[in-house]
Amino acid sequence: MSTDKMSVKVNVDLQKERQKCNFNIQEVTFIFDGGKEQTLQRKKIEDIALNSGASIDSIPEECLGLKERYDNAVRKSCIYSRIVKNEILEITGLEALGNPVLRRTADAFFKEISPFMLHLGMFVPTIIGQCTEEQQAKWLPRALEMQIIGAYAQTELGHGTFIRGLETTATYDPETEEFVLHSPTLTSYKWWAGGLGNTANHCIVVAQLYTKGQCHGTHPFIVPIRDMETHEPFPGVKVGDVGVRMGFNTADNGFLSFNHYRIPRENMMMKNAKVLKDGTYVKVARHEKLTYGTMVFVRVTLVKEAAINLAKAATIAVRYSAVRRQSQPKPDAPEPQIIDYPTQQHKLFICIATAHALQITGDWLWRTFKDVLADMRGGNTDSLPELHALSSCLKAISTSDSAAYIEQCRFACGGHGYMLSSNLPLIYSFVTATRTYEGDYTVLLLQTARFLVKAWEQVEAGKSVTPTVSYLTLAATKEKVLWNDFAEGIIRSFQAVAARKISACAETIKRHMKTGICYEDAWQLTTVRLVSAAESHCRSVICQTYWNEITRLTASCSTNVKIVMEQLATLYLIYWALERSGDLLRYSTISEKDLNRLQERYEELLALIRPNAVGLVDAFDFRDEILRSTLGAYDGRVYERLMEEALKSPLNDGPVQASFHKYIKPLTKGKL
Ligand SMILES: CC/C=C\C/C=C\C/C=C\C/C=C\CC/C=C/C(=O)SCCNC(=O)CCNC(=O)[C@H](O)C(C)(C)COP(=O)(O)OP(=O)(O)OC[C@H]1O[C@@H](n2cnc3c(N)ncnc32)[C@H](O)[C@@H]1OP(=O)(O)O
Ligand SMILES: Cc1cc2nc3c(=O)[nH]c(=O)nc-3n(C[C@H](O)[C@H](O)[C@H](O)COP(=O)(O)OP(=O)(O)OC[C@H]3O[C@@H](n4cnc5c(N)ncnc54)[C@H](O)[C@@H]3O)c2cc1C
C-alpha cells in the first residue's frame, strides 16, 4: 500500500467495501502486473518518479490556456525525462519501451500527454529497428541522453492509411552524397507527428526514395530540423502546430514540409535497405514490409495501453459507485449505493474483466512479438505475416473496446463523470485517438481479413496453417461443434463463428468473380463481412488467450483469488456470447435454451462479483497521483474533492468577473 493510502480518512462506504473483499488483493495485483517482480519494479519506479513532487500543479492543467498548458507540459517533460534517463532506464533497460510502466508513471505528470512521448515511444524504437549497428552507435546514445529530441513523421495531410501513396520525396544526389528532401504539394506536408510542432529538433521522415531516376518506395530517414542552439527551423524546413485537437493538446502534434532540403546519405536508416555512394540501391531485408516495423511494435504495445487506461477508468467508476447513493427503489429504505443496481454492475464489471483480458492478451502478444523478432534476427521472417495479422486485429479491437468502455464508465458516473476533474473525459479523449492512429480500426481489421482468407485457401488446399488459425482446419471438416455452456464451449463456438464467416467471405469473393469482376472489386464488395469475420477471429483469440492464461496464472494462487479470477473470465466469455448471440445462433449449434442458461449464469456472476468489486479495482493499484480523479481517489472523499477542485477554477478568483463591467452591465443599462 502506498503512503497516501495509509494516512487518510476513508469514506465509510468504501471502508465497508474493503472489509467485504474476500481475496488477497496483492496476488491479483501481481497477476495484473505480470508477476511479483514486475509489481515491485513498478512500485520502485513510481516511488522514484512521484516522490520528487515535480508532478504537482497549483492550477489544474485543464484550467490553463493552450500555450501555458504546452509550456507546463514541456517543463514537466524535462523533469520526467531526467528521472527516466538517470534512474528509471537503469532499472528497466530498453525493455521499458515496450512496458507500460513508463506511461503509467507519466500519467502522474501529465493529465494530457507529454510532448516527449513519441521520442521514447517511436523515435528511439525506430532507431533500434531501422538503423544499422553503426548508425545506432551514432544516434541511440544521443537520443537516450536527450541530447536530441525526435518525432516520427510518416502521415501527410493527404495520406495516413495509404503509406505507399506518400508524396514526400528523398532524391539521392551522388555528386554531394546527399538526399534532397522535398514536399511537392500541400497534401505532401507531414501532418500529425507528436512532439513535432514546437518541441523536436530531429525527426524520422518517411519518404519515397529516388535514386538513379528510379523510385524504390517509402523509406525512413533521420532529419535534423532545428538548430541545436537557437531551435530555429533550418532553411528549407517549415514546421508548426496542426491546431487544437479533441485531446492530445499538450502532445505538440505538428506539420512539416521541405523545400529541396539536403541531408547526408548516412541519414537514411539503412538496416533494411541501403543507397551506396554511387547511388546504387541495395535491398538488405528478406521481407518487403520490414520498414513498417515500428508500427507493428507500437500496435503491440497499444494493447496493454488500452488495458491500463480501461483499468484506470474502471477504478474511478467502481469507487465512485460505492460512494454514490441515489433513488429509493424500496419505500422507507435508505438510498442504495448505485453499485447495488444490477444495471450498474452490468456496466462496470465487464470493464474490470476486459482490463484483465486485454492485459493478459497484451502480455502474450508481447512475448509472441519478441519470439518473432528473435526469429527474424536469425534471418527467418516466416512468422511476420501472422504477427502482422494478430497485432493488427488486437490493436483494433483492444483500442475500440477500451474507448467504448471508458465512455461507459463516464456514463456510469452520471453528471460528475462529465467533469474534467473526474479525469474520465481526458482518458477517453486519449484512448479514442488510439482507435485511429497507428492504423485505423477498419483498415487494420481488413489487413487481418486478408491473412485469414489466405489461411482459409491453404486449409481448403489441404495445407497446414499457422497456430492462431489452426482452428480453421477443424471447421473445414464441417464437423458440428458441440456446444456447452462452459468456457471451452464458448471458445469453440467463437472459433466456429469465425471460421464460418471467413469461409463465407472466401465463397462470396469467388461468387462475385464468377460474374466477371476482378479480385480487387470482389474483395471490396465483401469488405463489410470481412471486417466482421476479422472481429470474430479476434474475439476468439482474446477469449482463448484470456481463459488459457488465467488458468495458468492462477494455478498457484490462493483459492479465493482463483475463484474471483475465474468468475471474471467467465463473465467476459458469457458477456460476449450474449452480445454475439445472433452470430452464435447463426453459425454454431447453440440453442435458445442454452442462451437463457447463459443469461442466468451472467446475472449470478454479477451478484457473486459485487462484494469484491472495490477490491478488484484496488488490485489495479493506481496511486491517486496517477489516477488524478476527484471521483476515484482511494479515500472516496468525492464531494469534498469536487468542491476543492471547483474552487481552483480561475472563474472563482473573485465574486465579479471583468466581463460583467465590460459587457453585461452596459447591456442591462441599455448602453450596448
Ligand atoms: C514516456 C513514454 C514511454 C513510452 C511510450 C510507450 C508506448 C507508446 C505508445 C503509444 C505511442 C503513442 C502515440 C502514437 C502516435 C501515433 C503515431 C502514428 O500514428 S504513426 C503513423 C502510423 N500509420 C499507420 O499505421 C498507417 C496504417 N497503414 C498501414 O499500415 C499500411 O499502409 C497498410 C497495412 C494499411 C497497407 O500497406 P500497403 O503497403 O499498401 O500494403 P498492402 O495492403 O498492399 O499489403 C501488402 C502486403 O504487406 C503486408 N503488410 C502490410 N503491413 C505489414 C506489416 N506492418 N508487417 C508485415 N506485413 C505487412 C500485407 O498483409 C500484405 O501481405 P500479403 O500480400 O497479403 O501477403
Ligand atoms: C492523436 C493522433 C496522433 C497521431 N500521431 C502521429 C504521429 O506521431 N506520426 C504520424 O506519422 N502520424 C500520426 N497520426 C496519424 C495517424 O496515424 C493517421 O491519422 C491514421 O493512420 C489514419 O489515417 P488517416 O488519418 O489518413 O485516415 P483515413 O485513411 O483518411 O481514414 C478515413 C476513413 O476512411 C476509411 N478508410 C481508409 N482507407 C480505407 C480502406 N482501404 N478500406 C476501407 N476504409 C478505408 C477509414 O476506415 C476511416 O474511416 C496521429 C493521429 C492522431 C489522431
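Which element gives the most residues to the shell around ligand 1? In this predicted model, that element is α9, which contributes six residues to the shell. The protein is divided into two domains, domain 1 (1-32 + 293-636) and domain 2 (148-284), and the shell around ligand 1 takes at least three residues from each of them.

**The surroundings of ligand 1**

- Ligand 1 is surrounded by 33 residues, and the closest of these are Gly121, Tyr292, His388, Tyr437 and Gly439.
- At least two residues of this shell come from each of the helices α6 (101-106), α7 (117-130), α9 (293-323), α11 (384-412) and α13 (441-460), with α9 giving the most.
- When the residues of the shell around ligand 1 are sorted by class, 17 are nonpolar, 10 are polar and six are charged.

**Positions annotated in the record**

- An unreviewed UniProt entry places the feature "binding site" at Thr155 and Gly194.
- These positions span 40 residues in sequence, yet no two of their C-alpha atoms are more than 10.9 Å apart, so they gather at one spot.

- The centres of domain 1 and domain 2, taken over C-alpha atoms, are separated by 37 Å.
- The contact between them takes seven residues from domain 1 and five residues from domain 2.
- On the side of domain 1 that touches domain 2, the largest share, four residues, comes from helix α12 (residues 424-434).
- That side of domain 1 has, by class, four nonpolar, two polar and one charged residues.

**The three-stranded sheet**

- Three strands form an open sheet in the order β4-β8-β7, and their pairing is antiparallel.
- The edge strands of this sheet are β4 (190-193) and β7 (237-241), each of which pairs on one side only.
- Neighbouring strands of the sheet are turned against each other by 20° on average, if direction is ignored.
- Between β7 and strand β8 (residues 254-258) the antiparallel pairing extends over five bridges, and Lys238 has Ser257 in β8 as a bridge partner.

**The hairpin of β5 and β6**

- Strand β5 (residues 202-211) pairs with strand β6 (residues 214-224) in the antiparallel sense, and nine bridges link the two.
- The two strands form a hairpin with two residues between them, and in the turn Lys212 has a positive phi of about 50°.
- Across this pairing, Thr211 stands opposite Gln214 in β6.

Technical notes
Residues are numbered from 1 along each chain as its sequence is written. Chains are lettered from A and ligands numbered from 1 in the order in which they are written. This is a predicted model: local features need pLDDT of at least 70, side-chain atom pairs count only at pLDDT 80 or more; totals for chains, interfaces and linings use all residues. A residue is near a molecule or strand if its C-beta atom, placed from the backbone, lies within 6 Å of it. Ala, Val, Leu, Ile, Met, Phe, Trp, Tyr, Cys and Pro count as nonpolar, Asp, Glu, Lys and Arg as charged, and the others, Gly among them, as polar. Domain bounds come from an automatic or database domain assignment. Two strands pair if DSSP finds at least two bridges between them. Two residues are in contact if their C-beta atoms, placed from the backbone, lie within 7 Å. Axes are lines fitted to C-alpha atoms, for helices over the stretch in contact, and angles run from 0 to 180 degrees between N-to-C directions. UniProt positions are given in the numbering used here, feature names are shortened, and annotations may be inferred rather than shown by experiment.
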